[in-house]
Amino acid sequence: MNWDWEWTREFSVELFTTGLKVTAQITVFGAIVAFIFGLLLALLRRSKILWVSTAARWFIQFVRSTPLLVQLFFLFYVLPTIPPNIKLSALTAGILGLGVHYACYTAEVYRAGIDGVPPGQFEAATALNLPQVRTWTSVILPQALRRSLPALGNVLVAIFKESPQLSIITVLDVIGTAQELGSERFRYLEPLTVAGLFFLVLAIPASIMIRRLERRLEY
Amino acid sequence: MATINPCSGDLPGTFGDAMPFICDGAVVTAQVTLGGAALAIVLAAVAGLASTSHAWLVRAVARVYMEFFRGASVLVQLFWIFYAMPAITGYRLSPIFAGVLTLGLNLGAYGSEVVRGAIQAVPVPQREAGIALNFSTYQRMRRIILPQAFVAMVPPGTSLLIELLKATSLVSAISVADMTYQANVTVSSIGNQFTIFGIVMVIYFLMAQVITMVMRVVERRAATMVGRETPKRRPPQMAWTDPAPTSAGGGGKS
(Lines give C-alpha, C1' and ligand atoms only; values in the text may rest on other atoms or scores of the structure.)
Protein backbone atom coordinates (compact mmCIF):
# COMPACT_ATOMS: atom_id res chain seq x y z
CA MET A 1 0.00 0.00 0.00
CA ASN A 2 1.52 3.30 -0.93
CA TRP A 3 0.47 6.78 -0.11
CA ASP A 4 -1.04 8.76 -2.99
CA TRP A 5 0.66 12.14 -2.59
CA GLU A 6 -0.88 13.71 -5.64
CA TRP A 7 -4.40 12.95 -4.48
CA THR A 8 -3.48 14.14 -0.97
CA ARG A 9 -2.45 17.52 -2.36
CA GLU A 10 -5.63 17.67 -4.38
CA PHE A 11 -8.13 16.89 -1.62
CA SER A 12 -6.26 18.71 1.15
CA VAL A 13 -7.34 22.01 -0.38
CA GLU A 14 -10.99 20.98 -0.24
CA LEU A 15 -10.65 19.47 3.21
CA PHE A 16 -9.15 22.63 4.64
CA THR A 17 -11.38 25.14 2.92
CA THR A 18 -14.86 23.64 3.24
CA GLY A 19 -14.40 21.16 6.08
CA LEU A 20 -12.26 23.36 8.26
CA LYS A 21 -14.67 26.26 7.97
CA VAL A 22 -17.53 24.10 9.25
CA THR A 23 -15.44 22.66 12.09
CA ALA A 24 -14.39 26.17 13.13
CA GLN A 25 -18.02 27.32 13.02
CA ILE A 26 -19.17 24.40 15.18
CA THR A 27 -16.39 24.98 17.69
CA VAL A 28 -16.94 28.73 18.04
CA PHE A 29 -20.72 28.70 18.19
CA GLY A 30 -20.84 25.50 20.24
CA ALA A 31 -18.49 27.12 22.77
CA ILE A 32 -20.59 30.30 22.91
CA VAL A 33 -23.72 28.26 23.65
CA ALA A 34 -21.86 26.17 26.22
CA PHE A 35 -20.32 29.14 28.03
CA ILE A 36 -23.52 31.20 28.22
CA PHE A 37 -26.01 28.40 28.87
CA GLY A 38 -23.56 26.83 31.32
CA LEU A 39 -23.41 30.03 33.34
CA LEU A 40 -27.19 30.17 33.36
CA LEU A 41 -27.38 26.56 34.56
CA ALA A 42 -24.79 27.23 37.26
CA LEU A 43 -26.82 30.19 38.53
CA LEU A 44 -30.08 28.23 38.39
CA ARG A 45 -28.44 25.49 40.43
CA ARG A 46 -27.75 28.02 43.14
CA SER A 47 -31.31 29.32 43.10
CA LYS A 48 -33.03 29.54 46.48
CA ILE A 49 -36.23 28.21 44.95
CA LEU A 50 -36.00 24.49 45.58
CA TRP A 51 -37.67 23.18 42.45
CA VAL A 52 -35.54 25.38 40.19
CA SER A 53 -32.26 24.20 41.67
CA THR A 54 -33.45 20.58 41.71
CA ALA A 55 -34.55 20.75 38.09
CA ALA A 56 -31.22 22.28 37.07
CA ARG A 57 -29.32 19.60 38.96
CA TRP A 58 -31.28 16.79 37.35
CA PHE A 59 -30.92 18.31 33.92
CA ILE A 60 -27.14 18.58 34.30
CA GLN A 61 -26.89 15.07 35.69
CA PHE A 62 -29.05 13.59 32.94
CA VAL A 63 -27.33 15.31 30.04
CA ARG A 64 -23.90 14.42 31.42
CA SER A 65 -24.85 10.74 31.77
CA THR A 66 -26.24 10.22 28.27
CA PRO A 67 -24.24 10.12 25.04
CA LEU A 68 -23.90 13.26 22.97
CA LEU A 69 -24.65 11.22 19.86
CA VAL A 70 -28.09 10.18 21.12
CA GLN A 71 -28.80 13.79 22.12
CA LEU A 72 -27.89 14.87 18.60
CA PHE A 73 -30.25 12.27 17.16
CA PHE A 74 -32.90 13.58 19.50
CA LEU A 75 -32.49 17.17 18.33
CA PHE A 76 -32.21 16.26 14.68
CA TYR A 77 -34.73 13.43 14.29
CA VAL A 78 -37.15 13.79 17.21
CA LEU A 79 -37.78 17.54 17.47
CA PRO A 80 -39.43 17.72 14.02
CA THR A 81 -41.88 14.94 14.97
CA ILE A 82 -43.20 16.37 18.24
CA PRO A 83 -45.14 19.61 18.59
CA PRO A 84 -44.27 22.40 17.92
CA ASN A 85 -42.41 20.55 15.14
CA ILE A 86 -39.18 22.48 15.06
CA LYS A 87 -37.07 21.51 12.09
CA LEU A 88 -33.44 22.41 12.61
CA SER A 89 -30.76 22.11 9.99
CA ALA A 90 -28.13 19.47 10.79
CA LEU A 91 -25.56 22.16 11.55
CA THR A 92 -27.86 24.11 13.90
CA ALA A 93 -29.02 20.96 15.66
CA GLY A 94 -25.40 19.90 16.03
CA ILE A 95 -24.20 23.22 17.41
CA LEU A 96 -27.12 23.32 19.86
CA GLY A 97 -26.60 19.72 20.94
CA LEU A 98 -22.88 20.12 21.40
CA GLY A 99 -23.38 23.45 23.18
CA VAL A 100 -26.01 22.18 25.59
CA HIS A 101 -24.06 18.99 26.28
CA TYR A 102 -20.94 20.91 27.22
CA ALA A 103 -22.96 23.58 29.03
CA CYS A 104 -23.60 20.88 31.62
CA TYR A 105 -19.85 20.52 32.04
CA THR A 106 -19.20 24.27 32.12
CA ALA A 107 -21.94 24.62 34.74
CA GLU A 108 -19.76 22.50 37.03
CA VAL A 109 -16.73 24.60 36.09
CA TYR A 110 -18.50 27.83 37.02
CA ARG A 111 -19.85 26.25 40.18
CA ALA A 112 -16.35 25.33 41.29
CA GLY A 113 -15.22 28.85 40.43
CA ILE A 114 -18.04 30.46 42.42
CA ASP A 115 -17.45 28.12 45.37
CA GLY A 116 -13.82 29.21 45.29
CA VAL A 117 -14.70 32.84 45.95
CA PRO A 118 -14.14 33.45 49.68
CA PRO A 119 -17.42 33.87 51.63
CA GLY A 120 -16.07 37.17 52.96
CA GLN A 121 -16.65 38.66 49.52
CA PHE A 122 -20.38 37.92 49.73
CA GLU A 123 -20.50 39.30 53.24
CA ALA A 124 -18.64 42.46 52.23
CA ALA A 125 -21.09 43.00 49.38
CA THR A 126 -23.99 42.61 51.81
CA ALA A 127 -22.33 44.99 54.28
CA LEU A 128 -21.92 47.58 51.52
CA ASN A 129 -25.59 47.17 50.69
CA LEU A 130 -24.85 46.25 47.07
CA PRO A 131 -27.90 45.01 45.19
CA GLN A 132 -27.90 41.29 44.20
CA VAL A 133 -27.19 41.96 40.54
CA ARG A 134 -24.28 44.27 41.29
CA THR A 135 -22.84 41.76 43.78
CA TRP A 136 -22.77 39.09 41.10
CA THR A 137 -21.66 41.15 38.12
CA SER A 138 -18.96 43.24 39.81
CA VAL A 139 -17.79 41.18 42.77
CA ILE A 140 -18.39 37.46 42.51
CA LEU A 141 -18.34 36.60 38.80
CA PRO A 142 -15.14 38.47 37.88
CA GLN A 143 -13.28 36.50 40.54
CA ALA A 144 -15.06 33.23 39.76
CA LEU A 145 -14.47 33.49 36.01
CA ARG A 146 -10.75 34.05 36.45
CA ARG A 147 -10.54 30.83 38.42
CA SER A 148 -12.60 29.00 35.81
CA LEU A 149 -10.47 30.10 32.87
CA PRO A 150 -8.21 27.04 32.47
CA ALA A 151 -11.12 24.63 32.87
CA LEU A 152 -13.14 26.60 30.31
CA GLY A 153 -10.17 26.26 27.97
CA ASN A 154 -10.35 22.52 28.46
CA VAL A 155 -14.02 22.58 27.56
CA LEU A 156 -13.23 24.54 24.41
CA VAL A 157 -10.68 21.92 23.36
CA ALA A 158 -13.18 19.18 24.19
CA ILE A 159 -15.83 20.84 22.01
CA PHE A 160 -13.34 21.07 19.16
CA LYS A 161 -12.32 17.44 19.54
CA GLU A 162 -15.88 16.12 19.80
CA SER A 163 -17.20 18.20 16.90
CA PRO A 164 -16.71 15.29 14.44
CA GLN A 165 -19.72 13.57 16.03
CA LEU A 166 -21.81 15.99 14.01
CA SER A 167 -20.67 14.22 10.86
CA ILE A 168 -22.95 11.33 11.91
CA ILE A 169 -25.97 13.61 11.54
CA THR A 170 -24.70 14.52 8.03
CA VAL A 171 -22.76 17.71 8.83
CA LEU A 172 -19.81 18.03 6.45
CA ASP A 173 -17.09 19.08 8.86
CA VAL A 174 -13.46 17.98 8.49
CA ILE A 175 -14.25 14.35 9.29
CA GLY A 176 -17.51 14.33 7.31
CA THR A 177 -15.67 15.71 4.28
CA ALA A 178 -12.85 13.19 4.74
CA GLN A 179 -15.38 10.36 4.86
CA GLU A 180 -17.01 11.59 1.69
CA LEU A 181 -13.69 11.97 -0.11
CA GLY A 182 -12.78 8.46 0.98
CA SER A 183 -16.04 6.96 -0.23
CA GLU A 184 -15.53 8.47 -3.70
CA ARG A 185 -12.52 6.24 -4.29
CA PHE A 186 -13.18 3.72 -1.54
CA ARG A 187 -9.82 4.70 -0.16
CA TYR A 188 -9.91 6.12 3.35
CA LEU A 189 -6.26 6.05 4.39
CA GLU A 190 -5.19 9.45 3.07
CA PRO A 191 -8.19 11.66 3.89
CA LEU A 192 -8.78 10.17 7.34
CA THR A 193 -5.09 10.36 8.24
CA VAL A 194 -4.81 13.99 7.16
CA ALA A 195 -8.01 14.84 9.05
CA GLY A 196 -6.85 12.98 12.15
CA LEU A 197 -3.45 14.70 12.10
CA PHE A 198 -5.24 18.01 11.81
CA PHE A 199 -6.98 17.36 15.13
CA LEU A 200 -3.77 16.20 16.81
CA VAL A 201 -1.78 19.20 15.57
CA LEU A 202 -4.30 21.66 17.00
CA ALA A 203 -5.52 19.89 20.12
CA ILE A 204 -2.21 18.76 21.65
CA PRO A 205 -0.49 22.20 21.72
CA ALA A 206 -3.76 23.75 22.92
CA SER A 207 -4.03 21.43 25.90
CA ILE A 208 -0.33 21.90 26.72
CA MET A 209 -0.87 25.66 26.74
CA ILE A 210 -3.88 25.32 29.02
CA ARG A 211 -1.82 23.25 31.44
CA ARG A 212 0.75 26.07 31.52
CA LEU A 213 -2.00 28.62 32.16
CA GLU A 214 -3.35 26.41 34.96
CA ARG A 215 0.05 26.39 36.65
CA ARG A 216 0.48 30.12 36.26
CA LEU A 217 -2.89 30.90 37.81
CA GLU A 218 -2.17 28.54 40.67
CA TYR A 219 0.73 30.47 42.16
CA MET B 1 -50.20 -9.71 39.23
CA ALA B 2 -47.95 -11.37 36.74
CA THR B 3 -44.58 -9.76 36.23
CA ILE B 4 -43.83 -8.69 32.72
CA ASN B 5 -40.38 -9.09 31.27
CA PRO B 6 -39.60 -5.64 29.88
CA CYS B 7 -37.46 -7.19 27.15
CA SER B 8 -40.24 -9.35 25.73
CA GLY B 9 -42.74 -8.03 23.22
CA ASP B 10 -45.62 -8.21 25.73
CA LEU B 11 -45.68 -4.51 26.51
CA PRO B 12 -48.31 -2.42 24.76
CA GLY B 13 -47.71 -0.21 21.75
CA THR B 14 -44.29 1.10 20.79
CA PHE B 15 -42.75 -0.36 23.94
CA GLY B 16 -43.62 -3.91 22.91
CA ASP B 17 -42.35 -3.32 19.37
CA ALA B 18 -39.12 -1.66 20.38
CA MET B 19 -38.02 -3.18 23.68
CA PRO B 20 -36.76 -6.54 22.36
CA PHE B 21 -34.39 -4.71 19.98
CA ILE B 22 -33.31 -2.11 22.50
CA CYS B 23 -32.56 -4.86 25.03
CA ASP B 24 -30.39 -6.68 22.48
CA GLY B 25 -28.58 -3.39 21.92
CA ALA B 26 -28.24 -2.77 25.65
CA VAL B 27 -26.45 -6.10 26.04
CA VAL B 28 -23.98 -5.14 23.29
CA THR B 29 -23.49 -1.70 24.86
CA ALA B 30 -22.74 -3.37 28.19
CA GLN B 31 -20.31 -5.78 26.54
CA VAL B 32 -18.46 -3.03 24.69
CA THR B 33 -18.33 -0.95 27.89
CA LEU B 34 -16.91 -3.86 29.90
CA GLY B 35 -14.42 -4.82 27.20
CA GLY B 36 -13.31 -1.23 26.72
CA ALA B 37 -13.05 -0.72 30.47
CA ALA B 38 -10.92 -3.84 30.93
CA LEU B 39 -8.49 -2.74 28.24
CA ALA B 40 -8.50 0.88 29.43
CA ILE B 41 -7.76 -0.10 33.03
CA VAL B 42 -4.81 -2.29 32.01
CA LEU B 43 -3.39 0.41 29.72
CA ALA B 44 -3.98 3.12 32.31
CA ALA B 45 -2.15 1.14 34.97
CA VAL B 46 0.80 0.36 32.69
CA ALA B 47 1.14 3.83 31.18
CA GLY B 48 0.43 5.54 34.49
CA LEU B 49 3.16 3.59 36.26
CA ALA B 50 5.51 4.06 33.33
CA SER B 51 5.03 7.82 33.45
CA THR B 52 6.37 7.88 37.03
CA SER B 53 9.41 5.79 36.06
CA HIS B 54 12.97 7.02 36.61
CA ALA B 55 14.08 5.96 33.12
CA TRP B 56 13.41 8.86 30.76
CA LEU B 57 12.81 6.60 27.79
CA VAL B 58 10.00 4.75 29.58
CA ARG B 59 8.50 8.06 30.66
CA ALA B 60 8.75 9.43 27.13
CA VAL B 61 6.99 6.42 25.60
CA ALA B 62 4.16 6.71 28.12
CA ARG B 63 3.93 10.47 27.50
CA VAL B 64 3.69 10.00 23.73
CA TYR B 65 0.94 7.41 24.15
CA MET B 66 -1.00 9.67 26.51
CA GLU B 67 -0.75 12.81 24.39
CA PHE B 68 -1.42 10.99 21.14
CA PHE B 69 -4.62 9.30 22.21
CA ARG B 70 -5.93 12.33 24.08
CA GLY B 71 -5.26 14.53 21.06
CA ALA B 72 -8.23 13.39 19.02
CA SER B 73 -11.67 12.12 19.89
CA VAL B 74 -12.85 8.52 20.02
CA LEU B 75 -14.81 8.93 16.79
CA VAL B 76 -11.81 10.11 14.78
CA GLN B 77 -9.66 7.29 16.12
CA LEU B 78 -12.43 4.78 15.55
CA PHE B 79 -12.84 5.80 11.92
CA TRP B 80 -9.10 5.71 11.42
CA ILE B 81 -8.69 2.25 12.95
CA PHE B 82 -11.70 0.86 11.14
CA TYR B 83 -11.48 2.52 7.71
CA ALA B 84 -7.91 3.72 7.25
CA MET B 85 -5.79 1.11 9.03
CA PRO B 86 -6.82 -1.83 6.80
CA ALA B 87 -4.98 -0.08 3.96
CA ILE B 88 -1.75 -0.41 5.95
CA THR B 89 -2.17 -3.75 7.69
CA GLY B 90 -4.04 -5.48 4.88
CA TYR B 91 -6.90 -6.87 6.92
CA ARG B 92 -9.99 -5.33 8.40
CA LEU B 93 -10.81 -5.64 12.09
CA SER B 94 -14.28 -6.77 13.05
CA PRO B 95 -16.36 -3.72 14.01
CA ILE B 96 -16.84 -4.77 17.61
CA PHE B 97 -13.12 -5.46 18.07
CA ALA B 98 -12.20 -2.13 16.50
CA GLY B 99 -14.67 -0.46 18.88
CA VAL B 100 -13.33 -2.09 22.03
CA LEU B 101 -9.73 -1.45 20.92
CA THR B 102 -10.33 2.26 20.24
CA LEU B 103 -12.27 2.84 23.43
CA GLY B 104 -9.63 1.04 25.46
CA LEU B 105 -6.76 2.97 23.88
CA ASN B 106 -8.47 6.34 24.18
CA LEU B 107 -9.87 6.05 27.69
CA GLY B 108 -6.68 4.27 28.79
CA ALA B 109 -4.76 7.42 27.88
CA TYR B 110 -7.05 9.55 30.04
CA GLY B 111 -6.91 6.94 32.79
CA SER B 112 -3.11 6.88 32.85
CA GLU B 113 -3.18 10.58 33.68
CA VAL B 114 -5.43 9.75 36.64
CA VAL B 115 -3.10 6.95 37.77
CA ARG B 116 -0.04 9.20 37.43
CA GLY B 117 -1.68 12.04 39.32
CA ALA B 118 -2.85 9.77 42.13
CA ILE B 119 0.59 8.21 42.56
CA GLN B 120 2.24 11.62 42.67
CA ALA B 121 -0.33 12.84 45.16
CA VAL B 122 0.78 10.29 47.76
CA PRO B 123 2.82 12.34 50.26
CA VAL B 124 6.59 12.01 49.76
CA PRO B 125 7.23 11.04 53.45
CA GLN B 126 5.26 7.84 52.78
CA ARG B 127 7.85 6.84 50.20
CA GLU B 128 10.69 7.93 52.45
CA ALA B 129 9.28 5.87 55.32
CA GLY B 130 9.29 2.89 52.97
CA ILE B 131 12.95 3.47 52.18
CA ALA B 132 13.78 3.90 55.87
CA LEU B 133 12.09 0.55 56.61
CA ASN B 134 14.22 -1.06 53.91
CA PHE B 135 11.30 -1.92 51.63
CA SER B 136 12.27 -2.82 48.08
CA THR B 137 10.99 -0.62 45.25
CA TYR B 138 8.35 -3.22 44.46
CA GLN B 139 7.23 -3.58 48.06
CA ARG B 140 7.05 0.17 48.43
CA MET B 141 4.78 0.43 45.40
CA ARG B 142 2.66 -2.56 46.27
CA ARG B 143 2.32 -2.05 50.04
CA ILE B 144 2.56 1.69 50.58
CA ILE B 145 2.03 3.85 47.49
CA LEU B 146 -0.60 2.01 45.44
CA PRO B 147 -3.14 1.28 48.19
CA GLN B 148 -3.24 5.00 49.01
CA ALA B 149 -3.12 6.14 45.40
CA PHE B 150 -5.95 3.77 44.50
CA VAL B 151 -8.36 5.60 46.81
CA ALA B 152 -7.63 8.82 44.94
CA MET B 153 -8.06 7.11 41.56
CA VAL B 154 -11.61 5.93 42.10
CA PRO B 155 -13.61 9.20 41.86
CA PRO B 156 -11.99 10.46 38.63
CA GLY B 157 -12.01 6.86 37.39
CA THR B 158 -15.78 6.78 37.85
CA SER B 159 -16.17 9.86 35.64
CA LEU B 160 -14.01 8.18 33.02
CA LEU B 161 -16.09 5.00 33.09
CA ILE B 162 -19.20 7.09 32.45
CA GLU B 163 -17.39 8.83 29.59
CA LEU B 164 -16.55 5.37 28.29
CA LEU B 165 -20.18 4.27 28.51
CA LYS B 166 -21.23 7.36 26.57
CA ALA B 167 -18.50 6.88 24.00
CA THR B 168 -19.71 3.34 23.26
CA SER B 169 -22.61 4.94 21.37
CA LEU B 170 -20.06 5.90 18.69
CA VAL B 171 -19.46 2.27 17.71
CA SER B 172 -22.91 2.42 16.10
CA ALA B 173 -21.22 4.53 13.40
CA ILE B 174 -19.21 1.49 12.31
CA SER B 175 -22.38 -0.66 12.46
CA VAL B 176 -21.87 -2.43 15.76
CA ALA B 177 -25.42 -3.31 16.85
CA ASP B 178 -25.33 -1.45 20.16
CA MET B 179 -28.24 0.36 21.78
CA THR B 180 -27.88 3.51 19.66
CA TYR B 181 -27.71 1.43 16.48
CA GLN B 182 -30.78 -0.58 17.45
CA ALA B 183 -32.64 2.63 18.28
CA ASN B 184 -31.95 3.93 14.78
CA VAL B 185 -32.99 0.65 13.17
CA THR B 186 -36.20 0.50 15.20
CA VAL B 187 -37.03 4.12 14.42
CA SER B 188 -36.59 3.55 10.71
CA SER B 189 -38.97 0.59 10.80
CA ILE B 190 -41.72 1.67 13.20
CA GLY B 191 -41.14 5.42 13.66
CA ASN B 192 -42.10 7.00 16.99
CA GLN B 193 -38.71 8.65 17.44
CA PHE B 194 -39.63 10.39 20.68
CA THR B 195 -40.45 7.25 22.65
CA ILE B 196 -37.57 5.18 21.32
CA PHE B 197 -34.79 7.74 21.76
CA GLY B 198 -36.35 8.63 25.11
CA ILE B 199 -36.19 5.01 26.32
CA VAL B 200 -32.61 4.69 25.11
CA MET B 201 -31.50 7.84 26.92
CA VAL B 202 -33.13 6.66 30.14
CA ILE B 203 -31.35 3.30 29.86
CA TYR B 204 -27.99 5.02 29.33
CA PHE B 205 -28.74 7.18 32.35
CA LEU B 206 -29.57 4.14 34.48
CA MET B 207 -26.40 2.37 33.33
CA ALA B 208 -24.38 5.42 34.39
CA GLN B 209 -26.09 5.31 37.80
CA VAL B 210 -25.15 1.64 38.16
CA ILE B 211 -21.50 2.51 37.41
CA THR B 212 -21.62 5.30 40.00
CA MET B 213 -23.11 3.04 42.66
CA VAL B 214 -20.65 0.20 42.07
CA MET B 215 -17.72 2.60 42.13
CA ARG B 216 -18.92 4.15 45.36
CA VAL B 217 -18.74 0.72 46.99
CA VAL B 218 -15.26 0.23 45.52
CA GLU B 219 -14.17 3.59 46.88
CA ARG B 220 -15.51 2.89 50.34
CA ARG B 221 -13.73 -0.47 50.48
CA ALA B 222 -10.47 1.00 49.17
CA ALA B 223 -10.66 3.78 51.75
CA THR B 224 -11.35 1.39 54.61
CA MET B 225 -8.36 -0.70 53.57
CA VAL B 226 -6.03 2.22 54.18
CA GLY B 227 -7.94 3.20 57.30
CA ARG B 228 -9.71 6.28 55.99
CA GLU B 229 -13.27 7.49 56.00
CA THR B 230 -14.75 8.46 52.66
CA PRO B 231 -16.39 11.85 52.40
CA LYS B 232 -20.12 11.47 51.79
CA ARG B 233 -20.45 13.64 48.71
CA ARG B 234 -17.94 15.16 46.41
CA PRO B 235 -18.37 17.46 43.42
CA PRO B 236 -18.34 15.66 40.08
CA GLN B 237 -15.05 15.75 38.28
CA MET B 238 -14.25 16.43 34.69
CA ALA B 239 -12.89 13.56 32.75
CA TRP B 240 -10.56 15.36 30.42
CA THR B 241 -8.77 17.46 33.00
CA ASP B 242 -6.32 15.97 35.44
CA PRO B 243 -8.29 16.12 38.66
CA ALA B 244 -5.84 14.60 41.10
CA PRO B 245 -2.72 16.73 40.49
CA THR B 246 -4.45 20.11 40.73
CA SER B 247 -5.25 19.65 44.39
CA ALA B 248 -2.50 17.45 45.69
CA GLY B 249 0.13 16.86 43.01
CA GLY B 250 0.91 20.50 42.45
CA GLY B 251 1.23 21.24 46.12
CA GLY B 252 3.23 18.13 46.85
CA LYS B 253 5.91 18.85 44.31
CA SER B 254 6.72 22.46 45.08
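Biologist: How many helices and strands does chain A have?

Modeller: Chain A has eight helices and zero strands. Read from the N terminus, its elements run α-α-α-α-α-α-α-α. Keep in mind that this is a predicted model.

Biologist: What box do the C-alpha atoms of chain A fill?

Modeller: Along the principal axes, that box is roughly 70 × 50 × 25 Å.

Biologist: Now helix packing. How are two packed helices described?

Modeller: By two values: the angle between their axes and the distance between the axes. Take helix α1 (residues 5-45) and helix α4 (residues 90-115), both of chain A. They pack at an angle of about 45°, and their axes are 5 Å apart. The angle is why α1(A) counts as oblique to α4(A).

Biologist: Which residue classes make up the contact of α1(A) with α4(A)?

Modeller: There are 21 nonpolar residues, five polar and three charged. As for handedness, α1(A) passes α4(A) in a right-handed crossing.

Biologist: At what angle do the axes of α1(A) and α7(A) cross?

Modeller: At roughly 145°. Here α7 of chain A spans residues 174-185, and the two axes come within 8 Å. The crossing of α1(A) and α7(A) is right-handed. On the α1(A) side, the contact residues include A:W7, A:F11, A:L15 and A:L20. On the α7(A) side, A:V174, A:A178 and A:L181 are among them. By class, the contact of α1(A) with α7(A) has seven nonpolar, four polar and three charged residues.

Biologist: Let us turn to chain B. How far apart are the axes of α5(B) and α7(B)?

Modeller: They are 8 Å apart. Helix α5 (residues 95-121) and helix α7 (residues 137-167) of chain B pack at an angle of about 145°. The crossing of α5(B) and α7(B) is right-handed. From α5(B), the contact takes in residues including B:L103, B:L107, B:Y110 and B:G111. From α7(B), B:M141, B:I145, B:P156 and B:E163 are among the partners.

Biologist: Next, the interface. How is the size of an interface often given?

Modeller: As the accessible area lost when the parts come together. Between chain B and chain A, about 4,100 Å² is buried. Carbon and sulfur atoms give 72% of that area.

Biologist: How many residues of each chain are in contact?

Modeller: On chain B, 46 residues; on chain A, 48 residues.

Biologist: How many salt bridges does the rule find across the interface of chain B and chain A?

Modeller: One. The side chains of A:R211 and B:E67 form a salt bridge, with N to O at 3.1 Å. Over all chains, the count by this rule comes to twelve salt bridges.

Biologist: Can we look inside a helix too? Where do A:E108 and A:R111 lie?

Modeller: Both lie in helix α4 of chain A. They sit three residues apart, about one turn of the helix.

Definitions and conventions
Residues are numbered from 1 along each chain as its sequence is written. Chains are lettered from A and ligands numbered from 1 in the order in which they are written. This is a predicted model: local features need pLDDT of at least 70, side-chain atom pairs count only at pLDDT 80 or more; totals for chains, interfaces and linings use all residues. Side-chain values use heavy atoms; hydrogens and water are left out. Axes are lines fitted to C-alpha atoms, for helices over the stretch in contact, and angles run from 0 to 180 degrees between N-to-C directions. Helices (H or I, at least four residues) and strands (E, at least two) are DSSP runs, numbered from the N terminus. Angles under 35 degrees count as roughly parallel, over 145 as roughly antiparallel, 65 to 115 as roughly perpendicular and the rest as oblique. A crossing is left-handed if the near helix is turned anticlockwise from the far one by less than a right angle, and right-handed if clockwise. Ala, Val, Leu, Ile, Met, Phe, Trp, Tyr, Cys and Pro count as nonpolar, Asp, Glu, Lys and Arg as charged, and the others, Gly among them, as polar. Contact means heavy atoms within 4.5 Å. Buried area is the accessible area (1.4 Å probe) that two parts lose on being put together, summed over both. A salt bridge is a side-chain nitrogen of Lys or Arg within 4 Å of a carboxyl oxygen of Asp or Glu.
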